[in-house]
Amino acid sequence: MKKDKHVIEALSSKITIENGKITDVSEPRIENCPIFERGHGIKKMTKESVKENINFRIKHFGYCTNKREVSQEDTLVPVGMSEILSTNLRLKKIDVVVGACDCIGTLLMDKPEIVEGVGGRVSGLISTTPIPEIIEKVGKENVLFPETAKLDPIAGIKLAIEKGYKNIAVTLLGGPIVKEIAEMEFGDDINIYLLIAHNTGISRELAEECFEYGDLIAACASKHIRDVAQEQNAYYYGKIVSIYAGSEIGRELLDNRLREIGKDLSTADYPQDKSYFPKPLL
């Protein structure tokens, strides 16, 4: 049997999944996340609690296996990156999402239910290997590297442009690639929107670049993201893992989602209540 291997970051831990089995879990870097305490009863993050959560994902929606579900009509949380993107696809504020998925690699998504199915369940994807059955579910023509599942958002942007998309949202991990993409020239009629997640542990410099170049930035368990947000009086939604707007278009995309579900619009109310934050911030 051909071996598949997927390496992810989730719950502040690095996890390796091979042929549907967890083969390695690092010690979590945070002790508590109120979201997982409320949703899963996990009061203290441990290697065992991380394994339990990932095994739940494997069992119930085929995470990192040939049973991976990639389409989801219902949202998993009221306001997350995938929910914001799905709403704005429906509103035609964006045309396509360049994202990443376990078993697939970099792909283009122009259907809200695919964005939710893929993005609502994906964690920080470090590397993955292709599983043909899952690639077929999203359409091989939408997958950048079906033979290798390589992760390359810049190549994804270029393919989206070749296919005629103009308003392109890109999901990224916090890192140097944010600035790299922002400084690239793609054409006067092309709009690139950067949504940056999985920011736990990033440096102060990278946090500043997220707000300089990004449109929406997830707080995760990042001290520096929260510090820069407060210094810049950034608009945001959410008390625990806030989503911050780094630009006016980012705020518009966020508020579009909030309007759709009848929530109060984004706020710039500081200081935020630290009692809601994951512990410790990194």
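Reader: Why is Arg68 called buried?

Author: Arg68 has a relative accessible area of 0%, and buried means under 20% relative accessible area, with exposed meaning over 50% and partly exposed in between (1.4 Å probe, protein chains only), so Arg68 counts as buried. The model is a predicted one, in which local features need pLDDT of at least 70 and side-chain atom pairs count only at pLDDT 80 or more, while totals for chains, interfaces and linings use all residues. Residues are numbered from 1 along each chain as its sequence is written, and side-chain values use heavy atoms, with hydrogens and water left out.

Reader: What makes Asp102 and Arg68 a salt bridge?

Author: The closest N and O atoms of Asp102 and Arg68 are 2.9 Å apart, and a salt bridge is a side-chain nitrogen of Lys or Arg within 4 Å of a carboxyl oxygen of Asp or Glu, so the pair meets the rule. Asp102 lies in the loop between strand E4 (96-101) and strand E5 (105-109), and Arg68 in the loop between helix H2 (47-61) and helix H3 (81-90), so the pair ties together parts that are 34 residues apart in sequence. Helices (H or I, at least four residues) and strands (E, at least two) are DSSP runs, numbered from the N terminus. Asp102, with a relative accessible area of 0%, is buried.

Reader: How many salt bridges does this rule give?

Author: The count comes to twelve, one of them being formed by Glu231 with Arg204, whose closest N and O atoms are 2.6 Å apart. Glu231 lies in helix H9 (residues 223-232) and Arg204 in helix H8 (residues 204-213), so this pair ties together parts that are 27 residues apart in sequence.

Reader: Why does Glu231 count as exposed, and why does Arg204 count as partly exposed?

Author: Glu231 has 54% relative accessibility and therefore counts as exposed, whereas Arg204, at 28%, counts as partly exposed.

Reader: Which residues are in contact with Arg257, leaving aside its neighbours within four places in sequence?

Author: With contact meaning heavy atoms within 4.5 Å, the residues in contact with Arg257 are Thr75, Val77, Pro78, Val79, Glu83, Ile84, Thr87 and Arg90. Arg257 is placed in helix H10 (residues 248-260) and has a relative accessible area of 4%, so Arg257 is buried.

Reader: What makes Arg257 and Glu260 a salt bridge, and where do they lie in helix H10?

Author: Their side chains meet at 2.9 Å, N to O, which is within the 4 Å of the rule. Arg257 and Glu260 are three residues apart in helix H10, so they are separated by about one helical turn. Glu260, at 38% relative accessibility, counts as partly exposed, and Arg90, Arg257 and Glu260 are linked in a network of salt bridges.
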